Amino acid sequence: MSLKIEHLTGGYAGVPVIHDLNLTIQPGEAVGLIGLNGAGKSTTIKHILGLLRPQKGKIVLEEKELTNDPTAFKQKIAYIPEMPVLYRELTLKEHLEMTMLAYGLQPEKTWPRANELLKMFRLDNKLDWLPIHFSKGMQQKVMIVTAFLPKTELLVIDEPFTGLDPLAVANLLKLIRQAKEDGRMVLMTTHVLADAQQVVSSYAVLNQGTIETTGSLTDLRQHYGLQPADSFDKLYEILSKEQENA
Amino acid sequence: MHELAIRRLRANVKQSLHYLSLIFNDFFVLALIFLFGALMFWYAKALKTMPVGQNFYRPVLGLLLWLPFLVGHLVTLLEPADEQFLLTQDQHVRSYLTPLLAYSMVLPTIMLVGMGAILAPFALLKVKLSLANYLGLVASLWVLKIFQLSLQNKHLYFGWHFSLWGYNLLTLGVAVLLTYNYSLGLCYFAVVLALGSSGSQRVFNWAEAIKTENKRKQGVYAFYSLFTDVDERQVVIKRRKWLDFLLPKRLGWETPQTFLYRRTLLRNPEYLNLLVRMTAFAWLISWLVQDYRWALGLSALVVLLTLYQLQGLEHVFDYHLMYRVMPIDPAWQRRSLIRVLSLALELQTLLIIVGWAIVLPKQTMLWLYMIFLLAITIFLVRIYLPLSLGSKHETKK
């Protein structure tokens, strides 16, 4: 019962961006996917979500492969994109109802949870509004609420902290912590390690389309030879130099 | 900046010609020639029977000549990125806008000359204006249009306010006064001209200018989109809560696709306007033919055309990221579209029938033809639509 990415090679229109990528996430584990811009983080996520077709390798989530039963596979995943993607024609309330319909949730049982999430992100008085008219931060909150509504086995979160106010960041971290306690898996890409390390214990460093190393922040420090006094940002300098030398 | 304006102008002309060539295709031009010919034939006949020198001729002439004055706004071709990249170029905006001001006068000039030529026989023969007076009237409106565009230009700077409608109404005064008293009209023209040339400007309001240009462009695209698909058109979704009574109250009756299609149909103006336009068109042609057999045939055609155009709704979310990420079974897509379109077109048919009851002569057979139309719609949405969608999917495979 886990997410297994095995020997994944993929990218766009026959041009591989990620090469022979291997990653496993166990239930109750949150993994941070880190790397420079263009390292292949978003491409990896797109493969997991089924938006790109692997050129080699496979992705297995709880013994199910995307290609065999896409709808059942997607039923196990919730996604928060880096930039909010909303339905222009739906109100906030209808976004929640749409999520209930798509994930087959019973409205009567799900609304208490929805109200709790709406209150948490101070959206409870905007149910009848069209979220396309919200600010970017508010729209991101809508994405968070809809993603945490179904209790999916895997949560894929792409750069979650961009545009959120500190209160929303704290609430998001709380939800991720809760999801881990419930035995769910979390894959998160981020550059904001100070926030991420509150919930993420294991990291995978992606560079030039491959995972260079995995482990805790201490393991990564050792792997890249960082001194205790060094800022973790130095890791990005090292990755950049590696790219230049490649 | 001047070169940038010329480059953008060329691209804009190319784009306009592309859409105009799509709109004014052979059939449309032929139809326009017939319509224009019919109008001119009626006008020539009317001129022969019209009495000379009626009191209301002068204000009507002024009003008709004023209408083309309203056509055309200042074209700036500014883009949203300009607020970032050209922010420091305030002092060069004038040289940027010079060729665009000239370009902005092309459409109003064509319209004014066209209307002036059409109205000349009426003005000279029936209103009994002298040729010099009439030419002076048309020329004054043309000059005032230049000043109107110049005012629109000034309005794009901070600290300068201008009411477009106020200026247009002043111009209407000039147009009417010039038909009565030429000297007084010219004095009034000079005053309006002076108003138009007042004021100086310094700091360019980029945000306002970009917003204004986007609004103008969207207006042009909205016109093009009446005839053809326009990729550049930005659709503004409106909540339209008052239409919510058309949505099912229970979520249990919905699939994700019916849920989305229904709301798209009610809130996306592209689809709602199509439904409204086609229904109004059915009413109009039914009223024109005043015969229930013709009304039946033509209204059935309108329903078929509406159905044909609404079929595009099926794939409207195919490239929506969350639609693809969410566990939505694509197998429901076709059935959901049929459900939603059935309801929409049956509702449209009911509205057409209500229209018939108002505009067609009351005869006992009318009821029978109403039932025929409803039967045709039911056939179209329950039998033709599933077959049509099925064959499309087969072709794709």
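Predicted model: local features only at pLDDT ≥ 70, side-chain atom pairs only at ≥ 80, totals over all residues.

Reader: How much space lies in the largest pocket?
Author: The space there comes to about 1,300 Å³. The pocket is lined by 43 residues, and the closest to its centre are B:G72, B:H73, B:L107, B:R216 and B:V220.

Reader: Which helix gives the most to that lining?
Author: That is α10(B), which gives 13 residues to the lining of the largest pocket. Each of α1 (2–23), α2 (26–49), α5 (93–104), α6 (106–126) and α10 (206–224) of chain B supplies at least two residues of this lining.

Reader: And what about the second largest pocket? How much space is in there?
Author: The second largest pocket holds about 770 Å³ of space. Its lining consists of 19 residues, and B:S225, B:T228, B:D229, B:E270 and B:Q309 lie nearest its centre. Two or more lining residues come from each of α12 (269–289) and α13 (292–310) of chain B.

Reader: Which of the elements gives the most to that lining?
Author: The answer is α12(B), with 7 residues in the lining of the second largest pocket. By class, this lining has 10 nonpolar, 4 polar and 5 charged residues.

Reader: May we change topic? How many residues are in contact between chain A and chain B?
Author: On chain A there are 28 residues in contact with 28 residues of chain B.

Reader: What area is buried between the two chains?
Author: About 2,600 Å² is buried between chain A and chain B, and carbon and sulfur atoms give 69% of that area. On the side of chain A, the residues that lose the most area to chain B are A:Y87, A:E89 and A:L101, together 26% of what that side buries.

Reader: How many salt bridges are there across the interface?
Author: The rule finds 4 salt bridges between chain A and chain B. One salt bridge joins the side chains of B:R239 and A:D128, at 2.7 Å from N to O. There are also 8 residue pairs in polar contact between the two chains.

Reader: Which parts of chain A touch chain B?
Author: Both α2 (70–74) and α3 (92–103) of chain A supply at least two residues of that side. The largest share, 8 residues, comes from α3(A). By class, the side of chain A that touches chain B has 17 nonpolar, 5 polar and 6 charged residues.

Definitions and conventions. Residues numbered from 1 in each chain as written. Chains lettered and ligands numbered in written order. Heavy atoms only, no water. Contact = heavy atoms within 4.5 Å. Buried area = accessible area lost by both parts, 1.4 Å probe. Polar contact = N/O pair within 3.5 Å; in protein donor to acceptor, adjacent residues only side chain to side chain. Helix = DSSP H or I, 4+ residues; strand = E, 2+ residues; numbered from the N terminus. Nonpolar A, V, L, I, M, F, W, Y, C, P; charged D, E, K, R; others polar. 1 Å grid on protein atoms, 1.4 Å probe; cavity = no way out; pocket = protein on both sides within 12 Å on 5 of 7 lines; lining within 4 Å. Points joined across faces, edges and corners; volume = space filled by probe spheres on them.
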